[in-house]
Amino acid sequence: MWLPWGNKKMPLRIHDTSSPFSCSSFKDIQHLCTQDSSASSKRNANVFHRGRIVNSLLRSWGPARTGKITDSVSDPSISIPGAEKRVVVYFTSLRVVRSTFEDCKTVRSILHGFRVSIDERDLSMDSRFLNELRGILGQSNLTLPRVFIGGRYMGGAEEIKQLHEIGELKKIVERLPAAEPGTCVVCSGYRFLLCNECNGSRKLYTQKSGFKTCTACNENGLIRCPSCSCAQL
């Protein structure tokens, strides 16, 4: 027999909506797809930008062309005569600007890993390197480091790190001869010596004129090592 319903109240079950699974609406799905497409386009743009930089740098190693390459970080017309068989790095060893010091340290570490001849020109040791670099690039406001490979200008820290990341830097450096093992017996690899005239004091004394500034050394009382300088010519 059927139980009479009457006015007896029966408990009403309510569906539990606190389930760990929730279904997004079509509008939400469309929004998620739009976000994923945007992120993908940003990654593709970043890859394209790096590829353009690398291609421009590689083109600069090709036959000489007339005019400037507008989209290149490297200009084939910028070069250092007599440096075709080595790497030249303009950098600073001072920690005044931390980001600049870290960039110089990173670039030098990358280049030393290839075991090629590297001519390191520390602007903090000799201010004449700064004037030299300004004359080469034709700029007064410069950021460091600046790298030349085989005499050709390659750019700064960002360009060198990107080339190294994709493996193109190794192909460029492999064209250079390997560095000779050992360090300079004259300066022990420091590339500078105390001035023979003033012994690093920057002052000379004569009975006729008294004290005067030494003109044979730089502002630090140092001279470039003649052994290293001759080897890099």
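**Close-up views of a predicted model**

View 1. L94 lies in the loop that runs between β1 (87–91) and α2 (98–112), helices (H or I, at least four residues) and strands (E, at least two) being DSSP runs numbered from the N terminus. This is a predicted model, in which local features need pLDDT of at least 70 and side-chain atom pairs count only at pLDDT 80 or more, while totals for chains, interfaces and linings use all residues. Residues are numbered from 1 along each chain as its sequence is written, and side-chain values use heavy atoms, with hydrogens and water left out. L94 has a relative accessible area of 47% and is therefore partly exposed (buried means under 20%, exposed over 50%, partly exposed in between, with a 1.4 Å probe and protein chains only).

**View 2. Y153 in strand β4.** Y153 belongs to strand β4, which spans residues 152–155, and its relative accessibility is 8%, so Y153 counts as buried. The side chains of Y153 and R146 are joined by a polar contact of 2.9 Å (a pair of N or O atoms within 3.5 Å; within protein, one must be able to donate a hydrogen and the other to accept it, and residues adjacent in sequence count only if both atoms are side-chain atoms). Although Y153 and V87 are 66 residues apart in sequence, their C-alpha atoms are 9.9 Å apart in space.

**View 3. The cysteines C195 and C214.** Zero disulfides (pairs of cysteine sulfur atoms within 2.5 Å) are found in a search of the whole structure. The closest cysteine sulfur to that of C195 is in C214, at 3.8 Å, which is too far for a bond. C214 is likewise in no disulfide, and the nearest cysteine sulfur to its own, that of C217, is 3.8 Å away. C195 is buried, with a relative accessible area of 2%, and C214 counts as buried at 3% relative accessibility.
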